[in-house]
Amino acid sequence: MHMLRTSLLSALLAILLSGSASANILATDTCDLCIMFGGTLKEDTYPEYDHIPEEMLPKNLTCAELADTFRSVFPDDRTCYDTVTRFHYSCCEFETSTIQCEQAVHSSLLGDDSDYSVDVVPLPLNGKQFNVGVGMEYFALTSIDIVAGTAELFLGVWMTWNDERLRWDPKEFGGCFHTQFRASIDPELTNIWVPPFDLLNRETSLQDLPEAYGTVTSVGDVFWSRFGSVKALCFFQGLERFPFDKLRCQFLFFSTASNIPIKYNIPRNLTFLGTGEDASEDEIRKYQEYAVVPEKSSIELEEGNLIRATFVFKRATRYYNLKIIIPTILFTFLTFGSFLLDQRVGERLGFGVSVLLVIVAQAILTSDILPVTRERLWIDVLTQGSQYFSILAVAESLLVAYLHYIKVEPAEGMEGSSSRKRNDEERESFLENRKEEAPREEEELDSTNDKESLLSRIKNFHWTAEKILVLDFWCLILFPSTYSIFLIVLFASNRNF
């Protein structure tokens, strides 16, 4: 019994700290399961409480055994109240129906004779501040627009507080210990006061969420939960490593009424629902570009009553690998294939330019999904580096074409061309100089000199062609190896980019 008392107290005190703890509860002499609500105990009934761990409460206890356990374990009213209400309807009988009880509570608290005002903050007596608990449940990512800098999430936002004006004694109304009231920021749509709370960096407001009822207990605790899409302006962090990035977006919440002494608190961390705990959810998430990273997401309270909810999303990189990264790398290596083509093959230059245009088209496709930013992105370094390598390969082909057609193989049948004229002029100048300097008797060797000049040209022609082949050979080794080193360094530095 001592171990049971210890485990129950520790667990239920944790529950108390997660909600709004009102200080004063309806006074009871003992923690009785039904008498404190004006009901009769169903002694031989076996209630269902599978949601409570067995180390906290043994299984298969009757209502009578539970009542005895609670009566001997719980020392204070608050712990007793939060526990017995879990077995209220399964272990207790009442003479008045729940509907009649709740109607009587509504008439008493908010009827014509009530002085309740939704515009008055329910500050406790002599209280310096008003405590409000805030929590969030993540369901799904609706959309992320990197270019516009926005993220839209489907969230559950719940708040809890205590309003002393909404208390009642269950024994006087038929045993009901909770009921529901309309709750809204709009004073025309609400029955009770609600905290002024909204998103700071909002694209859409929390007030745009669907209206929801607030649950009120007999001790004045209010629990208000709303679900819907919330869109915020995000200064995305981590985009530099695109497409291997983990985007970080912050949702900032604050009190819209700075003159009200409200103290927000966060009872527990973010709750993530629908994050792949079963096969069906995994199948759904297969077709989403982003997935939340729960272990890196958090919610925290900062100075000035500012609540910062940070969500981290990892991108599905398979699409970008297949559509951008791998094609860009392969096309760049394909550009280097122009070094294998003989210059006499007229498609060599056109081949290099065509592959370069494909790489440029890949870069244009990537730019449509990225914001214009002064920060350097990993994908930009890859695409721009690939473009530069391809441009150098095309430039080498232009150089080879120049050497081949201008210095090596003048166009045949172009006797009137400037190149042929220039060669003839150089030859005539050479002969005139030789005539002035050499004796007249050596004029008979002119024909021999002409033959040597022709042989020299033939020799020079073969030497230049070989140099062009050597240039292509070294480029075929240098370009792929240098580009491979560039890729290795780029991928190795991705995590620290």
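Reply: Cys 475 counts as buried because its relative accessible area is 9%, under the 20% cut-off for that class. The model is predicted.

A search of the whole structure finds four disulfides.

Cys 34 and Cys 92 are joined by a disulfide with an S to S distance of 1.9 Å. Cys 34 lies in the loop between helix H1 (2-17) and strand E1 (40-41), and Cys 92 in strand E2 (residues 92-93), so this bond ties together parts that are 58 residues apart in sequence. The torsion about the S-S bond is about -90 degrees, so the disulfide is left-handed. Both Cys 34 and Cys 92 are buried.

Cys 63 is joined to Cys 91, S to S 2.1 Å. The torsion about this S-S bond is -75 degrees, and the link is left-handed. Helix H2 (residues 63-73) holds Cys 63 and helix H4 (residues 88-91) holds Cys 91, so the bond ties together parts 28 residues apart in sequence. Cys 63 is buried at 0% relative accessibility, and Cys 91 is buried with a relative accessible area of 0%.

Cys 101 is joined to Cys 176, with 1.8 Å from S to S. This disulfide is left-handed because the torsion about its S-S bond is about -75 degrees. The pair links distant parts of the chain, 75 residues apart: Cys 101 is in helix H5 (residues 98-110), and Cys 176 is in the loop between helix H6 (170-173) and strand E5 (178-183). Cys 101 is buried at 0% relative accessible area, as is Cys 176 at 2%.

The ring centres of Phe 139 and Phe 154 are 5.7 Å apart and the planes stand at 85 degrees, so the pair is edge-to-face. Phe 139 lies in strand E3 (residues 130-145) and Phe 154 in strand E4 (residues 150-162), so the pair ties together parts that are 15 residues apart in sequence. Phe 139 is partly exposed, at 26% relative accessible area, and Phe 154 is partly exposed at 32%.

Phe 339 and Phe 479 form another edge-to-face pair, 5.1 Å centre to centre and with 70 degrees between the planes. Phe 339 is in the loop between helix H8 (318-335) and H9, and Phe 479 is in helix H12 (residues 446-492), so the pair ties together parts 140 residues apart in sequence. Both of these phenylalanines, Phe 339 and Phe 479, are buried. They belong to a cluster linked by ring pairs, together with Phe 333, Phe 336, Phe 389, Tyr 483 and Phe 486.

Two arginines also meet rings. The charged end of Arg 165 sits over the ring of Tyr 116, 4.0 Å from its centre. The charged end of Arg 226 sits over the ring of Trp 224, also 4.0 Å from the ring centre.

On the surface, Leu 349, Val 353, Leu 357 and Leu 398 form a nonpolar patch with about 330 Å² of accessible area together. Helix H9 (residues 347-367) supplies the largest share of this patch, three residues. Val 353 is in helix H9 and, at 33% relative accessibility, counts as partly exposed.

Methods:
Residues are numbered from 1 along each chain as its sequence is written. This is a predicted model: local features need pLDDT of at least 70, side-chain atom pairs count only at pLDDT 80 or more; totals for chains, interfaces and linings use all residues. Side-chain values use heavy atoms; hydrogens and water are left out. Patches are made of residues with over 30% relative accessible area and no salt bridge: like charges are joined within 9 Å, nonpolar side chains (Val, Leu, Ile, Met, Phe, Trp, Tyr) within 5 Å. Accessible areas come from the Shrake-Rupley method with a 1.4 Å probe; for residues, only the protein chains shown count as cover. A salt bridge is a side-chain nitrogen of Lys or Arg within 4 Å of a carboxyl oxygen of Asp or Glu. Helices (H or I, at least four residues) and strands (E, at least two) are DSSP runs, numbered from the N terminus. Buried means under 20% relative accessible area, exposed over 50%, partly exposed in between (1.4 Å probe, protein chains only). Rings of Phe, Tyr and Trp (its six-membered ring) pair if their centres lie within 6.5 Å; planes under 30 degrees apart count as stacked, over 60 as edge-to-face and the rest as tilted. A charge sits over a ring if NZ of Lys or CZ of Arg is within 6 Å of the ring centre and within 35 degrees of the ring normal. A disulfide is a pair of cysteine sulfur atoms within 2.5 Å.
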